[in-house]
Amino acid sequence: MNIEKIKLELKDKSTKDVLEYFLNELHVNIALASSLSIEDQVLADMLYGIKEDAKIFTLDTGRLPKQTYELIEKTNNKYKQKIKVYFPQTKAVEALVNEKGMFSFYNSIDERKECCFIRKIEPLKRALKGIDIWITGLRRDQSVTRDKMELIEWDEGNGLLKLNPLIDWSEEDVWAHIKFNNVPYNKLHDEGYPSIGCEPCSRAIKNGEDIRSGRWWWENPEHKECGLHN
Ligand code: SF4
């Protein structure tokens, strides 16, 4: 697959055109890794609109807020599909919790990354087996860690292509699509949570604070990735 040729072909195309190209013309095994974020919900809405059995999966870390589980159900019901759910390895979670307790991720960046590895990275690697292209809802203006990302990238860590169809979208664009198309979204957004991950690692923010400041708020901005998008 020639990435540069694809980039040229898709230059100036709409997000829907880009998704149609990957879903209908390329004949590759492609899936959306959804965290149920507003961006991933926009992509789910578009993907199901293009191909009703589009592949979407999510990672249940075991520490998600109730509202996220409710959103999975609501999304499945609306589109009459089933988002595939991957769980961490039982033995790894048991060992972590029995050795270090329920909140080891607050101790240090290394311990936070250890928890993210067990609960997210390892299940993601399993979920991506056999997938040629991984779709994400990343946007360039989400954080300092994402401002160099492109529409299509080679993901060295996972050995596959990563497609970021919303890379140039603003947060306003995302909300406009959600409201206009009545796309289900996580109710915690209405309570001041801009970005929602695991319950103990997400919080509401005040007006004017950076949108990623609600995640791992005890760390510096340049460390705020769980390793899924390094
Ligand atoms: S976000 Fe927090 S609870 Fe969730 S996997 Fe990472 S460290 Fe663990």
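Biologist: In what order do the six strands form the open sheet?

Modeller: Strands of a sheet pair through backbone hydrogen bonds, either parallel or antiparallel. Here the order is 3-2-1-4-6-5, with mixed pairing. The edge strands are strand 3 (84-86) and strand 5, each pairing on one side only. From one strand to the next, the twist averages 30°. This is a predicted model: local features need pLDDT of at least 70, side-chain atom pairs count only at pLDDT 80 or more, and totals for chains, interfaces and linings use all residues. Residues are numbered from 1 along each chain as its sequence is written.

Biologist: What counts as a strand, and what as a pair?

Modeller: Strands (E, at least two residues) and helices (H or I, at least four) are DSSP runs, numbered from the N terminus. Two strands pair if DSSP finds at least two bridges between them. Strand 1 (residues 30-34) and strand 2 (residues 55-59) pair in the parallel sense over four bridges. Ala31 stands opposite Lys55 in strand 2.

Biologist: In which sense do strand 5 and strand 6 pair?

Modeller: Antiparallel, over four bridges, with strand 5 at residues 152-155 and strand 6 at residues 160-163. Glu153 has Lys162 in strand 6 as its bridge partner. The two strands form a hairpin with four residues between them. Gly159 in the turn has a positive phi of about 65°.

Biologist: Which residues come nearest the ligand?

Modeller: A residue is near a molecule if its C-beta atom, placed from the backbone, lies within 6 Å of it. Of the 13 residues around the ligand, Phe105, Cys115, Cys116, Cys198 and Cys201 come nearest.

Methods:
Axes fitted to C-alpha atoms, helices over the stretch in contact; angles between N-to-C directions.
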